[in-house]
Amino acid sequence: MSDYQVLHQTEDEYGPLIVLDDKESRILAFAEHDEQSKLLKAAPHIPQHTYVQAMLLVLLYSQPKSAIVLGLGGGGLIHALRHFDAGIKLTAVELRADVIEIAKRYFQLPLSKKLKLVNQDATQFLAAGDHKRVDIVFTDIYSAEGVDAAQVSEAFIAQCAALIKADGYLVLNCWKEHSKNRELLAYLELHFVEVRACLTGSANWVVIAGKAKREISANGLKQQAQALSQKLDFQLGRSLNRFDIWE
């Protein structure tokens, strides 16, 4: 990261917060050699991390009118969803108040009446359960150490499911090792009828769990992916090739 200029550096009770810039892109880091979020300044809606691209495969199955994003980071998912459909009602829940301010100040967060920002622990937000049910819940809760353990717990999955409509989806960003986690799969299968997953180039295990069955042929999926790629402004093909039922 030696080519990057440090634009902002601070620390809160959870650790460092660093914003780096190399003229073309901007990075949010929670530690040295860490990359929580990366934004292409000229095209903030194009995700720079393969795991964010993989999370957007859910749009092959759902045309959401509403979504909850647990873990804001630099707002990469918010940018991509807003570009896909400016009308989606989005609620982003972020533990660290400074992260919200950084996303607004340095990461061009697309603020509007359709985006609600909540500064709260995601587990407390879910436990309260007082949000209207939505079409998709995206969960991407990471610290500098990795995936938050709560994100793969039985209670967390159940509480997410309770906030998702009858034909809705849960999208989880996990690590490669979670692909061997049979307990996590069992928790998901309690609430969802179809669980798909994709191993990304960045060694993330992205899970997309649906409450309703969607019968789409491989050919149909390919055609939809081409159309969606044009709409999102990047190619979904690489993620789609690795995307399958998690068994």
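Are E194 and R196 buried or exposed? Both E194 and R196 are buried, where buried means under 20% relative accessible area, exposed over 50% and partly exposed in between (1.4 Å probe, protein chains only). The model you are looking at is predicted, so local features need pLDDT of at least 70 and side-chain atom pairs count only at pLDDT 80 or more, while totals for chains, interfaces and linings use all residues. Residues are numbered from 1 along each chain as its sequence is written, and side-chain values use heavy atoms, with hydrogens and water left out.

**The cavity**

- Searching the whole structure turns up 1 cavity of 30 Å³ or more; a cavity here is a set of points, on a 1 Å grid over the protein atoms alone, where a 1.4 Å probe fits but cannot get out.
- The largest cavity holds about 30 Å³ of space, a volume being the space filled by probe spheres set on the grid points, which are joined across faces, edges and corners.
- Its lining residues (those with an atom within 4 Å of a point) are Y61, Y169, E194, R196, I208, A209, G210 and F243.
- Strands β12 (194-199) and β13 (204-210) each supply at least two residues of this lining; strands are DSSP runs of E with at least two residues, helices are runs of H or I with at least four, and both are numbered from the N terminus.
- The largest share of the lining, 3 residues, comes from β13.
- Sorted by class, the lining has 5 nonpolar, 1 polar and 2 charged residues, with Ala, Val, Leu, Ile, Met, Phe, Trp, Tyr, Cys and Pro counted as nonpolar, Asp, Glu, Lys and Arg as charged, and the others, Gly among them, as polar.

**Salt bridges around E194**

- The structure has 7 salt bridges, each a side-chain nitrogen of Lys or Arg within 4 Å of a carboxyl oxygen of Asp or Glu.
- E194 pairs with R196 in one of them, with 2.8 Å between the closest N and O atoms.
- K213 also forms a salt bridge with E194, here with the closest N and O atoms 3.7 Å apart.
- Because K213 lies in the loop between β13 and α7 (218-232) and E194 in strand β12, this pair ties together parts that are 19 residues apart in sequence.
- K213 counts as exposed at 55% relative accessibility, whereas E194 is buried, with a relative accessible area of 7%.

- Within it, the side chains of R26 and D21 meet at 2.8 Å, N to O.
- R26 is buried, with a relative accessible area of 15%, and D21 is buried too, at 7%.

Definitions and conventions
1 Å grid on protein atoms, 1.4 Å probe; cavity = no way out; pocket = protein on both sides within 12 Å on 5 of 7 lines; lining within 4 Å.
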